[in-house]
There are 2 protein chains.
Amino acid sequence: MKVLVLGGDGFCGWPTSLHLSDIGHDVTIVDNLSRRAIDIELEVESLTPIRPIGERLAVWRELTGKEIGFVRLDLAEEYDRFEALLRDLQPDAIVHFGEQRAAPYSMRNIAAKRYTVDNNVRGTHNVLAAIAETGQDIALVHLGTMGVYGYGWSGSAPIPEGYLTVKVPTPDGEIDREILHPANPGSVYHLTKTLDQLLFAFYTSNDQIRITDLHQGIVWGTQTPQTVRDERLINRFDYDGDYGTVLNRFLMQAAIGHPLTVHGTGGQTRAFIHIRDTVRCIQIALENPPTRGEKPKVFNQVTETYRVRDLAALISSMTGVSVANLPNPRREAVENELNVSREQFLALGLNPTILSEGLLEEIRNIAEKYRDRADTTKIIARSTWRKGMETSPDLVQS
Amino acid sequence: MKVLVLGGDGFCGWPTSLHLSDIGHDVTIVDNLSRRAIDIELEVESLTPIRPIGERLAVWRELTGKEIGFVRLDLAEEYDRFEALLRDLQPDAIVHFGEQRAAPYSMRNIAAKRYTVDNNVRGTHNVLAAIAETGQDIALVHLGTMGVYGYGWSGSAPIPEGYLTVKVPTPDGEIDREILHPANPGSVYHLTKTLDQLLFAFYTSNDQIRITDLHQGIVWGTQTPQTVRDERLINRFDYDGDYGTVLNRFLMQAAIGHPLTVHGTGGQTRAFIHIRDTVRCIQIALENPPTRGEKPKVFNQVTETYRVRDLAALISSMTGVSVANLPNPRREAVENELNVSREQFLALGLNPTILSEGLLEEIRNIAEKYRDRADTTKIIARSTWRKGMETSPDLVQS
C-alpha cells in the first residue's frame with residue numbers, strides 16, 4: 001500500500017512511518033518539521049537525542065534496504081503543493097498526524113492559541129479538500145484524542161467509540177437518533193480535534209471520503225521494535241511542561257530525582273496507550289477502512305485508564321522519589337471517573353502493552369540513560385488556562 | 001453603547017449599522033470590503049447601486065449628524081490590529097457578520113472552499129481570542145444560520161433554539177443531558193457556522209465570554225427605515241446564482257420576466273426573515289445579553305417558513321411569470337418539512353414583517369426600478385456540490 005504519513009517526523013508519526021515501512025508499505029513522510037521548530041521556540045530538546053530527518057531516513061535505508069520518501073511541506077500554507085503531491089504519488093491511504101498536539105502549548109499565549117487553530121483546522125481542511133478535488137479514493141486515518149469527549153459527561157456510561165444513540169423528544173413520542181458524541185474539549189488543542197470531527201462528517205457526507213478517526217489516550221513510552229534498531233532511529237521523549245505527557249514526565253522526574261509533579265489532587269483519571277500500541281493501531285485502522293459512503297469510523301485508541309495520583313504513587317513506590325502536589329494550571333474537573341469502550345481494536349487483534357510491564361524498561365533504557373540531557377528549568381508546567389492562574393516555581397535548582 | 005459591527009459594509013451589516021446608529025449607539029464598522037471584492041471576482045454587481053463605504057458614511061452623517069466610524073481591517077489576517085482596536089475603542093459589544101456567507105460560493109471551487117474555512121474560522125477565533133486576551137467584558141452577537149441544524153433531523157419536533165435535551169443510556173438507567181443541537185451542515189459555508197458554535201462553547205466555558213448566536217433564516221427584502229432615507233444609503237440586492245437568496249432572486253426574475261428558477265421539485269421548506277426584522281433582532285439580542293459564565297445564548301432568527309415551490313407559485317400568480325424546474329446543484333433532501341421554535345424574539349417584542357405584505361413593495365421599489373442593471377448571464381446557479389453535477393444553461397438570451 002502506498003501511504004503518506006503527514007507529520008511523520010513527530011513523536012507518533014516517526015515510529016508509525018518505520019512500522020508501516022517495516023511491514024512492507026511504501027511510505028512517504030510529509031512534514032514541515034514544525035515540532036523541531038517549537039523545540040527551538042521553547043528552548044528545550046527531546047530527552048532522547050533525535051537525529052535530523054535526512055539522517056534518520058538514511059539509517060533506515062542502510063539497515064533495511066527500504067526507502068521512505070520525505071517531502072517538506074506545510075499542510076496549512078502550501079495547499080497547491082499538497083494537491084500536486086497527491087496527483088503525483090496517488091497514495092492509497094493517508095495517515096494524518098500533522099497537527100499541533102500539545103494542550104498546554106495551545107494555551108500558552110495568544111500566538112500559540114491562534115497558531116493551533118489556524119494550523120490544525122486549515123491543515124485538516126486542506127487534506128480533505130485535496131482528496132475531494134483530486135477525486136482519488138484515498139482512505140484517511142486521523143489522530144484524534146480522547147479529549148473530544150471530555151470527562152464525566154455520560155455519568156457512569158462508558159465513553160462510546162465516537163457515536164451515541166440518544167432519545168429525542170418529539171410531539172409523536174421519543175425517537176432514537178445516533179449522534180456524534182457531544183464535544184467537550186478542555187483546551188484550544190482539544191477544541192481543534194472537535195472541529196476536525198465536523199469537517200470529517202461533512203466531507204464524508206458530501207464527497208464520500210473514507211475516514212477513520214482515532215481518539216487516542218495519552219501516549220507513553222518511547223521506542224518501538226523499529227526505533228530500537230539503531231540509536232540514530234530513536235524516537236522523541238518530551239519531558240517539558242508543554243509537550244511532555246504525564247507518565248513520561250513522571251518517569252524522567254524519577255530518573256533525575258525530581259519530585260513527581262502532580263497538578264491539583266491528581267484525581268484526574270486519564271486513558272493511556274504505549275507508543276508500540278499506537279503504531280499497531282494505525283496499522284489495524286489502515287487494514288480496516290470504512291467503505292465509501294459510510295460515516296467516519298471512530299476507534300478509541302486506549303488500552304488502560306489510571307488516576308494520575310495512582311500513577312505517581314506507583315512510580316514513587318518503585319523509585320523512592322517523592323510526590324509534589326502543585327497548583328493545577330488547567331481548568332478541569334478536580335476528580336473524575338473514566339470508563340472507555342475499546343472493543344474494536346481488541347476484536348481486531350490488538351494485544352496491548354500494559355503499563356505495569358513497561359515502566360521499568362522505560363526508566364532504565366530512556367530516562368536514566370539520557371538524564372544528563374535534562375534541563376530542570378523546563379519541567380514545571382507554566383502554560384495556564386486563564387491569565388493569572390497560579391503555577392509552581394522550580395522545585396530543584398538547575 | 002459602543003458597538004463594533006464586523007462586516008458592517010455587507011447585506012446585513014450595513015442596515016444593522018445604520019439602525020444601531022439611529023437608535024443612539026456609537027457604531028464603528030470593521031470591514032475588509034471582501035464582499036465588494038467577490039463581486040469583482042464573480043463579475044456581477046448588486047442590482048441596487050450601492051455606494052462606496054466612505055460616501056455611505058458621509059451621507060449618513062450629513063442626514064443625521066451621527067458619526068459611524070470605519071476601520072478597514074481583515075479579521076482573519078490582521079489579528080494584532082484587531083486586538084489594538086479593542087484596546088483603543090473598548091467597545092461594550094461586538095456584532096459579528098464578518099464571514100463569507102454564501103453556501104453556493106463556498107462550494108464553487110477549491111479556492112472558495114478553502115477561503116470560506118480559512119476566513120471564517122480564523123476570523124471568528126481571532127475575535128474570541130482577542131476578547132479573552134484583552135480581558136474586556138464585551139458582549140458578542142454572532143450571525144449563525146438555521147443551516148447548522150439541517151432539515152428533518154428531529155422528525156416532527158420543532159427545531160429548538162440551539163439546545164436539545166436528550167436521554168442518554170447508562171448502566172444505571174437513562175440520564176437527561178442538554179446538548180448543543182447536533183450539527184448537520186449542508187455546505188462548506190454552513191459547516192463553518194457549526195465550527196463557530198464549538199469555538200463559542202469553549203471560549204464561554206474557559207474565558208466566560210458572553211456570546212449570543214443567532215441562527216438566521218434566509219433574508220429577503222432590501223431596505224430598512226434607515227436605508228430608504230437617501231438613495232446613496234441603499235442596501236445591496238444580490239440576484240446571482242451564488243449570493244442571491246432564493247426569494248429575492250424570484251422577485252428580480254419576476255421583474256425582468258425571467259422564469260422563476262426552482263431547483264429540483266422545490267419541495268425544500270426554508271425559514272425566512274425580512275432584513276427589517278434582522279436589524280431589530282440584532283438590537284434585541286444586544287439589549288438581552290447572557291450573563292458572564294452563562295452558556296452561549298441561541299436565538300432562531302426567523303419569522304416564517306415556506307416551501308420553495310409555494311413561494312414560486314405565489315410570485316408567479318402575482319406577476320404571471322412562469323416557473324422553471326431546474327436541476328438542483330446542491331446535495332440536499334428533495335422534500336422536507338420545517339418547524340422552527342422562535343419564541344424568544346417574539347417574547348422580547350419582535351413584531352415581524354410578513355412575507356405576503358412586503359413582496360409587492362419589494363418588486364416595485366427595487367426589482368423593477370433597477371431591472372436594467374441586471375445581467376441575465378449571472379442568474380443561473382452553477383456552483384455544484386460535487387464535480388460533474390448537472391446545471392441549467394441560461395434560460396433567456398442577454
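Colleague: What's the handedness of the crossing of α8(B) and α10(B)?

Modeller: That crossing is right-handed. Keep in mind that this is a predicted model.

Colleague: Which residues make the contact there?

Modeller: From α8(B) you have V246(B), L247(B), F250(B), L251(B) and A254(B). On the α10(B) side, V308(B), L311(B), A312(B), I315(B) and T319(B) take part. Sorted by class, the contact of α8(B) with α10(B) has nine nonpolar residues, one polar and no charged.

Colleague: And at what angle do helix α8 and helix α10 of chain B pack?

Modeller: About 25°, with their axes 10 Å apart. Angles under 35 degrees count as roughly parallel, so α8(B) is roughly parallel to α10(B).

Colleague: OK, new topic. How are chain A and chain B related?

Modeller: Turn chain A by 180°, with a shift of 0.0 Å along the axis, and it can be laid on chain B with an RMSD of 0.0 Å. That's the relation of a two-fold axis. In chain A, the C-alpha nearest that axis belongs to K167(A), 2.5 Å from it.

Colleague: Why do you say the copies meet through the same surface?

Modeller: Because 100% of the interface residues of chain A are also interface residues in chain B.

Colleague: Back to α6, then. How do the α6 helices of chain A and chain B pack?

Modeller: Helix α6 (residues 110-134) of chain A and its counterpart in chain B pack at an angle of about 165°, with axes 10 Å apart. Over 145 degrees counts as roughly antiparallel, so that's what α6(A) is to α6(B). Their crossing is right-handed.

Colleague: What's the contact of α6(A) with α6(B) like by class?

Modeller: Eight nonpolar, four polar and 10 charged residues. Among the residues of α6(A) that meet α6(B) are K113(A), R114(A), D118(A), R122(A) and E133(A). The α6(B) residues in that contact include V117(B), V121(B), H125(B) and N126(B).

Colleague: Which way does α6(B) run relative to α7(B), parallel or antiparallel?

Modeller: α6(B) and helix α7 (residues 188-207) of chain B pack at about 15°, with their axes 10 Å apart. That makes α6(B) roughly parallel to α7(B). The crossing of α6(B) past α7(B) is right-handed.

Colleague: Which residues are in on that one?

Modeller: Among them are T116(B), N120(B), T124(B) and L128(B) of α6(B), plus Y189(B), L195(B), L199(B) and Y203(B) of α7(B). The class count for α6(B) with α7(B) is nine nonpolar, five polar and three charged residues.

Colleague: Last thing, zooming out. What does the secondary structure of chain A come to?

Modeller: Chain A has 12 helices and 14 strands. Its radius of gyration is 21 Å, close to the 21 Å that the globule rule gives for 398 residues, so chain A is as compact as a globular protein of that length.

Colleague: And what box do the C-alpha atoms of chain A fill?

Modeller: Roughly 65 × 55 × 40 Å, taken along the principal axes.

Terms used. Residues numbered from 1 in each chain as written. Chains lettered and ligands numbered in written order. Predicted model: local features only at pLDDT ≥ 70, side-chain atom pairs only at ≥ 80, totals over all residues. Least-squares fit on C-alpha atoms with pLDDT ≥ 70 in both. Contact = placed C-beta atoms within 7 Å. Axes fitted to C-alpha atoms, helices over the stretch in contact; angles between N-to-C directions. Helix = DSSP H or I, 4+ residues; strand = E, 2+ residues; numbered from the N terminus. Parallel < 35°, antiparallel > 145°, perpendicular 65-115°, else oblique. Left-handed = near helix turned anticlockwise from the far one by under 90°. Nonpolar A, V, L, I, M, F, W, Y, C, P; charged D, E, K, R; others polar. Rg over C-alpha atoms; globule rule 2.2 N^0.38 Å.
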